[in-house]
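Me: Can you walk me through this one? I'd like to go region by region.

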Amino acid sequence: MITTILTDIEGTTSSISFVKDVLFPYARERLPAFVETHADDAQVQHWLHEAAKEAGLVSASRQEIIELLVGWIDADRKSTALKALQGMIWKDGYATGEYRAHVYPEVAARLRAWQAEGKRLYVYSSGSVPAQRLFFAHTEAGDLTPCFSGYFDTETGPKRDAESYRRIANAIGEPPGAILFLSDIVEELDAAAAAGLQTTLLAREPGTCPAGGAHRCVADFDAIER
Ligand SMILES: CSCCC(=O)C(=O)COP(=O)(O)O
Ligand SMILES: [Mg+2]
């Protein structure tokens, strides 16, 4: 029996376009000034240091790290350090109402229905946990944070690594087989299945389900119940 649902964000609850065409350009434009004006912030310093370490840079200037991070945004690198910094930058955009997070039309009602049935809901995304909280606090369908019992990001481990899903099941305190993981990325579902989780692939329009795929595939959250 499924007691728990773990969901990805980009391509699953929400469009890839909102992340790539709204959030990423917003962070890209503001990252250089953000790093300069927050250079004394301990959290910012920590993540700049982690980014330099990840790139193998021993003594990089602030400008070099900025260029590195901008390149990573362009390459959509799922770097924990970059994601933490992006989350800090996105905060302003939500606060000023520059954007609200996209969620597909059925998502809010379906999350609430699952919650009303007693299922516990969690998020696992490459976006940092603070960025995930901001995202669901400011969606086009309102504040969805009351739907979720917790959030996981790549500080738990990479999304294509089975060990990450074992850690999540352990942290949630449920047997892996009682957790349903939802994602648009087959490699993430393969890793979750290897850890014993149940899986469903989201093929959002205009995408289509692959023929003979290893995972159950649906077009939207309502179809999970059918
Ligand atoms: C917290 S919203 C931004 C998500 C993000 O930065 C990203 O890279 C999307 O990755 P996901 O794991 O949700 O597909
Ligand atoms: Mg995704």
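Me: What pLDDT does the protein chain average?
Reply: The chain averages a pLDDT of 97, and 100% of the residues score at least 70. pLDDT is the predictor's confidence in each residue, from 0 to 100. This is a predicted model, so to speak of local features a pLDDT of at least 70 is needed, side-chain atom pairs count only at pLDDT 80 or more, and totals for chains, interfaces and linings use all residues. Residues are numbered from 1 along each chain as its sequence is written, while chains are lettered from A and ligands numbered from 1 in the order in which they are written.

Me: And what ipTM and pTM does the complex get?
Reply: The predictor gives 0.96 for ipTM and 0.96 for pTM.

Me: How is the chain divided into domains?
Reply: Domain 1 covers 4-15 + 103-224, and domain 2 covers 19-95. Those bounds come from an automatic or database domain assignment.

Me: How many residues meet across the two domains?
Reply: Eleven residues of domain 1 are in contact with ten of domain 2, where contact means that the C-beta atoms, placed from the backbone, lie within 7 Å. On the domain 1 side, the touching residues divide into three nonpolar, five polar and three charged. For those classes, Ala, Val, Leu, Ile, Met, Phe, Trp, Tyr, Cys and Pro count as nonpolar, Asp, Glu, Lys and Arg as charged, and the others, Gly among them, as polar. The C-alpha centres of the two domains are 25 Å apart.

Me: OK, ligand 1. Which residues come nearest?
Reply: Ile9, Glu10, Ser125, Ser126 and Gly127, out of 15 residues around ligand 1. A residue is near if its C-beta atom, placed from the backbone, lies within 6 Å of the molecule. The elements giving two or more residues to that shell are α1 (16-37) and α6 (129-137), and α6 gives the most, with three. Helices (H or I, at least four residues) and strands (E, at least two) are DSSP runs, numbered from the N terminus.

Me: Which domains does the shell draw on?
Reply: Both domain 1 and domain 2 supply at least three residues each. By class, the shell has five nonpolar, five polar and five charged residues.

Me: Switching to α7. Which of its residues are buried?
Reply: In α7 (residues 162-172), the buried ones are Ser164, Tyr165, Ile168 and Ala169. Buried means 20 or more other C-beta atoms within 10 Å of the residue's own, exposed means 12 or fewer, and partly exposed is in between, with C-beta atoms placed from the backbone.

Me: Why do they line one face?
Reply: Seen down the axis of α7, the buried residues fall within an arc of 135°, so they line one face of the helix. The arc is that of the directions from the helix axis to the C-beta atoms. The face turned away from the buried side carries the exposed residues Asn170 and Ala171.

Me: What covers the buried residues?
Reply: The cover includes β1 (4-7), β2 (120-124), β3 (150-152), β4 (179-183) and α8 (186-194). Just after α7, Gly173 takes a positive phi of about 85°.

Me: What is the phi of Asp76?
Reply: Near 55°, a positive value in a residue other than glycine. Most residues other than glycine have a negative phi, and most peptide bonds are trans. Asp76 lies in the loop between α3 and α4 (80-95), and counts as partly exposed because it has 14 C-beta neighbours inside 10 Å.

Me: And which way is the peptide bond from Glu205 to Pro206, cis or trans?
Reply: That bond is cis, with omega near 5°. Pro206 lies in the loop between β5 (198-202) and β6 (216-218).

Me: Last one: what does Ile65 touch?
Reply: Leu48, Ala51, Ala52 and Ala60, not counting residues up to four places away in sequence. Ile65 lies in helix α3 (residues 62-74) and is partly exposed, with 19 other C-beta atoms within 10 Å.
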